[in-house]
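Trainee: I've got the model open and I'd like to learn how to read its sheet and its helix packing. Can we go through it feature by feature?

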Amino acid sequence: MAMNGDYLAPISDTAGSWVWRSQSGRRAVDDVVSDLERRWGFDRLPRLVSPALRERFVAAQDMHRQATMEGVDLAEMDSMMIRAWRALEAEAIARGETELPGAVVAWQAEEPERGTICLCLDDEHAQALLARAKAEGWNAEAWTLVEVGRVLAASSSLWEVKQAFPMATVQSKRKAMPQDDIPPL
């Protein structure tokens with residue numbers, strides 16, 4: 001049952017279950033998960049470990065979810081989940097896996113409200129980078145390599161210029177001149 005100041009929140013984006021969360025403060029397990037997912041990517045760590053550890057982790061998540069829904073004291077369950085998340089990270093590191101890097105390339109947008117434009121490897125990388133930006137208090141706009149490829153493919157005039165002049169570079173953007181303002185030749 002909800003207390004004053006509590007709110008209904010999803011246990012996870014994919015679980016389809018909801019639980020009352022305290023608005024008064026985050027629990028330690030929330031902070032650990034938030035930190036790990038900012039560094040490793042959302043739901044990435046369980047995919048980087050052995051099937052045996054993944055199964056144990058999922059079982060621990062199920063136990064934690066059930067305890068949360070039953071309204072029992074979560075101190076022990078939270079501690080168990082912190083150990084589970086740390087075990088995932090330790091095994092991932094032992095297997096030679098690495099945290100997601102920062103942006104492949106980043107630059108300050110011309111429009112201040114856009115913040116820093118970041119080129120990312122894929123959606124998972126972009127999500128982690130956006131979470132880092134939010135946690136660190138800076139504004140980021142993330143583009144994946146695939147998205148940039150789609151934009152370039154849709155811009156046939158740019159493609160035609162690059163085909164005709166392979167060493168040409170895009171220096172800046174400007175508004176196209178209206179057709180009525182083009183002087184006759």
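Trainee: Which way do β3 and β4 run, and how many bridges join β3 to β4?

Mentor: Two strands pair if DSSP finds at least two bridges between them. Strands (E, at least two residues) and helices (H or I, at least four) are DSSP runs, numbered from the N terminus. Here β3 and β4 (residues 116-120) run antiparallel, joined by four bridges. Ala-106 stands opposite Cys-118 in β4. Keep in mind that this is a predicted model: local features need pLDDT of at least 70, side-chain atom pairs count only at pLDDT 80 or more, and totals for chains, interfaces and linings use all residues. Residues are numbered from 1 along each chain as its sequence is written, and side-chain values use heavy atoms, with hydrogens and water left out.

Trainee: What is the strand order of the sheet?

Mentor: The order is β3-β4-β5, an open sheet of three strands with mixed pairing. β3 (105-108) and β5 are at the edges with a single partner strand each, so one side of each has no neighbour in the sheet. From one strand to the next, the twist averages 20°.

Trainee: And what does Glu-141 touch?

Mentor: Contact means heavy atoms within 4.5 Å. Glu-141 is in strand β5 (residues 140-144), and leaving out residues up to four places away in sequence, Glu-141 touches Arg-114, Thr-116, Ile-117 and Cys-118.

Trainee: Which helices lie across β4 and β5?

Mentor: Axes are lines fitted to C-alpha atoms (for helices, over the stretch in contact), and angles run from 0 to 180 degrees between N-to-C directions. α5 lies across β4 and β5, at about 170° to β5. α6 (residues 145-154) lies across β4 and β5 too, at about 75° to β5.

Trainee: How are α1 and α4 oriented to each other?

Mentor: Angles under 35 degrees count as roughly parallel, over 145 as roughly antiparallel, 65 to 115 as roughly perpendicular and the rest as oblique. The axes of α1 and α4 (residues 75-94) come within 9 Å and cross at roughly 20°, so α1 and α4 are roughly parallel. Their contact includes Val-32 and Leu-36 of α1, and Met-81 and Trp-85 of α4.

Trainee: What about α1 and α5?

Mentor: The axes of α1 (residues 28-40) and α5 (residues 123-136) come within 7 Å, crossing at roughly 130°. That's why α1 and α5 count as oblique. Glu-37, Arg-38 and Arg-39 of α1 meet Ala-128, Ala-131, Arg-132 and Ala-135 of α5.
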